[in-house]
Amino acid sequence: DSNGKIYSSAGIGMPLLLIPLYFAGHIISNIIPSVPHDYITQFFVSFANPIIIALTALVLFIFVIQLGFNRRTSFLTALAYTFCTMSVNYARSGFSDPAAGLFVLAALLCIFIYEKKGILRFILFSSILLGYSLLIKKNSFLYVPLFFAYMAYKSFYIKIPKQHIKFWILGLFPFLILALLYFYFRHAMG
């Protein structure tokens, strides 16, 4: 900004995901003092997106199985995602898009499992995962009305109890407020 301060243009979600990898690199750098600390920590942090892409493929594999397809079809779908989409390029970058995609897909999977099995905790998991995607990338706000519209539709036409919708909103609310405050202070005060 004009005061010489440097601010991140991204959300705080991705840096929080990188903390364990940085910490692992920091520990290894103490074991191998002949290699500069920054090289090792950057090396470990560079594994974030390949790990996220692999986890997304796993979530996609589970989702396709939950949809009723066999393991072979699920495996081929996950393989196609991994090697036939932009995920190959994202695996070599530090962009936060794969992480946001992972959390949104996992949130959708949790709603699907809730509908299929009726286990209430999956509604909460869904809202937390979607909420965390808001901390990763501002564009994830676009998914909130879509998820809400889907939940409202299910509430009116399929008869999901309204208390469960409130439970979903309750899980999302803290992340929504935190993300809005973060981006407000980042852009309005920066």
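Which pattern does the protein chain follow when read along the sequence? Reading along, we get α-α-α-α-α-α-α-α-α. That comes to nine helices and zero strands, where helices (H or I, at least four residues) and strands (E, at least two) are DSSP runs, numbered from the N terminus.

Hi everyone, a quick word on ground rules. This is a predicted model, in which local features need pLDDT of at least 70 and side-chain atom pairs count only at pLDDT 80 or more, while totals for chains, interfaces and linings use all residues. Residues are numbered from 1 along each chain as its sequence is written, and side-chain values use heavy atoms, with hydrogens and water left out.

Let's start with the whole chain. The C-alpha trace spans about 60 × 50 × 30 Å along its principal axes. Of the 190 residues, 36% count as buried; buried means under 20% relative accessible area, exposed means over 50%, and partly exposed is in between (1.4 Å probe, protein chains only). Among contacts with a separation of 6 or more, 69% come from residues 24 or more positions apart, and contact here means heavy atoms within 4.5 Å.

Now the inside. The largest nonpolar core has 43 residues, and Leu130, Phe147 and Trp168 touch the most other members. Such a core is a set of buried Ala, Val, Leu, Ile, Met, Phe, Trp, Tyr and Cys residues joined through side-chain atoms within 4.5 Å. Helix α6 gives the most to this core, with 13 residues. As background, nonpolar side chains tend to be buried together in soluble globular proteins.

Find Trp168 on your screen. Not counting residues up to four places away in sequence, Trp168 touches Ile111, Ile123, Ser126, Ser127, Leu130, Val144, Phe147, Phe148 and Met151. From that list, look at Phe148, in helix α8. Phe148 is partly exposed, because its relative accessible area is 38%. Beyond its neighbours within four places, Phe148 is in contact with Ile165, Trp168 and Ile169.

Next, helix α7. Its buried residues include Ile123, Ser126, Ser127 and Leu130, and the buried residues of α7 pack against α1, α6, α8 and α9. How far apart are the end C-alpha atoms of α7? They are 23 Å apart, which agrees with the 22 Å that its 16 residues should span at 1.5 Å a residue. The expected span is 1.5 Å times one less than the number of residues.

Leu120 is partly exposed, with a relative accessible area of 33%. Leaving aside neighbours within four places, Leu120 is in contact with Tyr114, His164 and Phe167.

Last stop, the largest pocket, with a volume of about 160 Å³. On a 1 Å grid over the protein atoms alone, a pocket is an open set of points where a 1.4 Å probe fits, with protein on both sides within 12 Å along at least five of seven lines; lining residues have an atom within 4 Å of a point. Among the lining residues are Leu17, Pro20, Ile51 and Phe103. Helices α1, α3 and α6 each give two or more residues to that lining. The lining divides into 11 nonpolar, no polar and no charged residues. In that sorting, Ala, Val, Leu, Ile, Met, Phe, Trp, Tyr, Cys and Pro count as nonpolar, Asp, Glu, Lys and Arg as charged, and the others, Gly among them, as polar.

Note on methods: Points joined across faces, edges and corners; volume = space filled by probe spheres on them.
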